[in-house]
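Biologist: Could you walk me through this model, step by step? I would like to ask about it as we go.

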Amino acid sequence: MNLDAPRADTAKQTNSASHWPGVVLVGGEYAAVQFGAWPSTDGRGGRATVGEDCHRRRVNEFSRYKRQPMIDKIRNTLHQYAHLNRDVFTISEDADLYAYGLTSHATVNLMLGLEDAFQVEFPERMLRRRTFETIANIHESIVELTAGQPTAAS
Amino acid sequence: MPITVMSRSFGALEKAQRIGLEIAAPAADSVDREARFPSESFDALRAERMLGIFIPTEFGGGGCSIADVSAICTALGQHCSATAMIFAMHQIQVACIVRHARESEFFASYLAELADTQSLIASATSEIGVGGDTRSSVCAIERDSGSFSIKKQAPVISYGEYADAILATARRTPDSPPSDQVLVLLKRDEFTLARTSGWDTLGFRGTCSPGFMLTARATEDHILSDSFADISSQTMLPVSHIVWTSLWLGIATAAVGRARAYIRAEARKSPGKTPAASVRLAEVVSKLQGMRALVNDSVRDYEATGGEADAASGMNFAIRMNNLKLSCSTAVVDIVSQSMLICGMSGYRIDSKFSLGRLLRDAYGAALMINNDRIYGANAAMLLVSKDD
């Protein structure tokens, strides 16, 4: 999280959320432009200031706003490629997908589908069972891979 | 032959070489001809506590490494492929328990029991209706009040009738999908085996692998807590490929040994005249070195994961472990065939000290246990997403 003033060349208003006072969307990161006091420490272990609290709240609300379309897109991709024994849209984000019939073979097709849908490439270290174990895990990986990119959320 | 000198091996390799040469080898033809269990070998292996070598010393085992086990499989494989294969498959089961269940009270005490009694463990992973896909089960374990029951139609259970225990796969619950599997330990007094087919094959005849209906009932603590998916990718598959290829290396080494002996005998008959097939011998020795290098490299590859679940779950690691099996199963047939070409009629005869028939018949089994085409298919799928090493 970049708490400095946004760099002029990368600050972009890419969606309506950036109209929220105090927050500008900078790529996949969030920058606090101005709101209350700056944190008095480097953010690690220091007592949270009012400004930091509010900033964090806005980031959480912001990420929820961005999160849902991504989760839906993941579910759609699962629906298309995972061939689970249950309706993907009824499976909770923390449920074990392998328990719903996700096989190694289907995982490969799922990876390809996700790479195509999100225009990312899973590095070798992410090609593990754990990465595709739950919808939440998949989301976490995609967020990590799309950090720094302009939002491509449909 | 790779000589691995490890401080923890307690002379295990030397014992294996001696048992191979003095006990397994003389019985090998009979074991093959009669398709019988190599009981002489296993009496000796038990007496020397060789079945427990892969069990950590804290449980009373030999504390040997995968490198030690690989070298021992190669040593045994030079003398009797059935002995080596049964020994290898037993070590795979031990490895699964050691790497995935030692934390449990039940399995910790079972490991001590294994080391003490030198019990032999068999494997029931394949199933009628599923083919060679070990990551798919039809049968399921059915729990009730702290126990579970299982009924499995296995097309093969190697040395099942001679085993003291069986590790079997099954779906986690009757409602689980085919790929959601667990691995369970079944002791001799907990299972019954009803033979459903015979074992009359071209090679590996002494592994006694007919089909069975396996019926069992045991307490829930017999279920390994790790998913079979993890056990398979982290342990069963890599260890299987390493021990199998090690014993195939033994078969190939024995064949080349006969070819070398034949050429030397020819050279002695006519000193100064290079035997016609000596260049072929040079070629096959080179191929043997390649096979040996791949087996040794794979042992190091596996050891480098250091028991870390994550490193052993990678896709490129899985591809490499598959390539080990694919390459070596092809190489062993090639090497034994070429050795026969070198030995000529002496190799083709059965009543000859250079006989290579049994070795060649055994070698052909390598590509079929699991069928190479299935493994190439798995690698092909993984290569769609895996990134360069």
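Predicted model: local features only at pLDDT ≥ 70, side-chain atom pairs only at ≥ 80, totals over all residues.

Biologist: What percentage of the residues in chain A is buried?

Modeller: A residue is buried if 20 or more other C-beta atoms, placed from the backbone, lie within 10 Å of its own, exposed if 12 or fewer, and partly exposed in between. Chain A has 154 residues, and the buried share of them is 21%.

Biologist: Is Gln119(A) buried or exposed?

Modeller: Gln119(A) sits in the loop between helix H2 (104-118) and helix H3 (135-146) of chain A. Its phi is near 50 degrees, a positive value in a residue other than glycine. Most residues other than glycine have a negative phi. With 11 other C-beta atoms within 10 Å, Gln119(A) is exposed.

Biologist: How many residues of chain B are in contact with chain A?

Modeller: Two residues are in contact if their C-beta atoms, placed from the backbone, lie within 7 Å. Helix H8 (315-343) and helix H11 (372-383) of chain B each supply at least two residues of the side that touches chain A. By class, that side has seven nonpolar, six polar and four charged residues (Ala, Val, Leu, Ile, Met, Phe, Trp, Tyr, Cys and Pro count as nonpolar, Asp, Glu, Lys and Arg as charged, and the others, Gly among them, as polar). On the chain A side there are 17 residues, and on the chain B side 17.

Biologist: Let us stay with H11. Is Ala378(B) buried or exposed?

Modeller: Ala378(B) is found in helix H11 of chain B. Its C-alpha atom is separated by 8.6 Å from that of Asn322(B), 56 residues apart along the chain. With 20 other C-beta atoms within 10 Å, Ala378(B) is buried.

Biologist: Which strand gives the most to the side of domain 2 of chain B that touches domain 3 of chain B?

Modeller: Chain B is divided into domain 1 (7-119), domain 2 (122-222) and domain 3 (228-383), with bounds from an automatic or database domain assignment. The centres of domain 2 and domain 3 of chain B, taken over C-alpha atoms, are 29 Å apart. Their contact takes 10 residues from domain 2 and 11 residues from domain 3. On the domain 2 side, the most, three residues, comes from strand S5 (residues 181-187).

Biologist: How are H1(B) and H3(B) oriented to each other?

Modeller: The axes of helix H1 (residues 12-34) and helix H3 (residues 66-77) of chain B come within 9 Å and cross at roughly 15 degrees. Axes are lines fitted to C-alpha atoms, for helices over the stretch in contact, and angles run from 0 to 180 degrees between N-to-C directions. Angles under 35 degrees count as roughly parallel, over 145 as roughly antiparallel, 65 to 115 as roughly perpendicular and the rest as oblique. H1(B) and H3(B) are therefore roughly parallel.

Biologist: And how are H6(B) and H7(B) oriented to each other?

Modeller: The axes of helix H6 (residues 228-269) and helix H7 (residues 278-304) of chain B come within 10 Å and cross at roughly 160 degrees. The residues of their contact divide into 15 nonpolar, five polar and two charged. From that crossing angle, H6(B) and H7(B) are therefore roughly antiparallel.

Conventions: Residues numbered from 1 in each chain as written. Chains lettered and ligands numbered in written order. Helix = DSSP H or I, 4+ residues; strand = E, 2+ residues; numbered from the N terminus.
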